[in-house]
Amino acid sequence: MATLKTNTLTGTSTAGSIAVTGEGNSTTTNLQQGLCKCWVNFNGTATDAASRDTFNVSGMTDSATGNYVVSFSNNMGNANFSGVAVQGNNDATNAGVNATSAVGHTASSASGIETSNLDPASTDFQQISAVYHGDLA
Amino acid sequence: MSTLRTNALEGVDAKNSITIVAGAGNITTTNVQEGLCKAWTVCDMGDNALDDSSNVSSLTDESTGRFYLTFTNSFSSVSHADVAMFGSNGAHIAYSGNTDKTSSITGSLICSNTSNSAVDGSPFINVTSHGDLA
């Protein structure tokens with residue numbers, strides 16, 4: 001087995017573009033485009049929406065009940081990135097039911113997340129995860 | 001175009017860390033290992049099958065609409081980020097308090113319909129998990 005050992009990967013024709021052969025051994029996909037650019041797991045009930053673990057997150061803001069802002073360490077190239085999130089609670093009976101989330105594209109530097117019950121009223125939840133894909137700046 | 005052929009990638013200074021130029025401006029870098037999705041599946045609560053998956057070993061049906069996934073290779077902590085989507089007509093999915101997440105499972109997720117009643121997610125539920133592997 002061949003193992004390439006390196007600290008950095010850079011495309012030759014374009015620094016930010018490397019093609020990788022797909023699982024079917026015929027088509028190619030783009031390594032950089034396929035990478036998740038940011039992920040976060042945080043507690044929406046904690047002070048300042050404390051994050052438990054993150055990648056490419058510089059800070060969390062608890063804007064209001066059920067409203068949070070995830071700020072990126074390295075910004076996206078524009079506001080048109082893709083963010084998805086899921087929310088719920090750890091320890092309350094059936095707390096995951098009656099809950100929805102929305103991810104807003106605030107700016108290239110941050111994303112808003114709103115978690116709600118189905119009334120719909122903004123609600124804090126203990127378990128909130130979000131992942132982001134798109135182009136870095 | 002130059003083509004590099006290899007079967008595996010490994011960092012030199014740290015095996016688990018490779019930097020990659022990924023910005024639209026060809027300057028900003030990100031981390032390959034951190035950015036890779038560590039587990040994903042398309043599954044179905046109708047037959048509790050994993051229709052396709054990577055690094056997911058099983059789906060456990062806890063009750064109507066409620067399930068969790070077990071990872072083949074566990075995460076290093078409980079703080080992985082799992083997101084999911086299922087169904088149609090306003091149905092939604094959320095974390096549930098029934099079985100807490102650990103480094104080796106997603107924790108309970110529950111599918112509900114627009115009447116807020118638990119329903120089996122079918123014909124498909126999509127789940128992806130990001131975080132640090134053990």
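pLDDT is the predictor's confidence in each residue, on a scale from 0 to 100. What you have here is a predicted model, and chain A averages a pLDDT of 91, with 96% of its residues scoring at least 70. Within chain A, the element with the lowest mean pLDDT is strand E10 (residues 100–107) at 82, while strand E5 (residues 38–42) has the highest at 98.

Now to chain B. Four of its strands make an open sheet, in the order E5-E4-E11-E8, with antiparallel pairing. E5 (49–54) and E8 (81–86) of chain B sit at the edges with a single partner strand each, so one side of each has no neighbour in the sheet. On average, neighbouring strands here are turned by 15° against each other, ignoring direction. E8(B) is joined to E11 (residues 125–130) of chain B by six bridges, running antiparallel; in that pair, Val83(B) lies opposite Thr128(B).

Next, where the two chains meet. The contact draws 48 residues from chain B and 55 residues from chain A. On the chain B side, the elements giving two or more residues include strand E1 (8–10), helix H1 (32–35), E8 and E11 of chain B. Here is how that side splits by class:

| Class, side of chain B touching chain A | Count |
|---|---|
| Nonpolar | 21 residues |
| Polar | 22 residues |

Conventions: Residues numbered from 1 in each chain as written. Chains lettered and ligands numbered in written order. Predicted model: local features only at pLDDT ≥ 70, side-chain atom pairs only at ≥ 80, totals over all residues. Pairing = 2+ DSSP bridges. Axes fitted to C-alpha atoms, helices over the stretch in contact; angles between N-to-C directions. Contact = placed C-beta atoms within 7 Å. Nonpolar A, V, L, I, M, F, W, Y, C, P; charged D, E, K, R; others polar.
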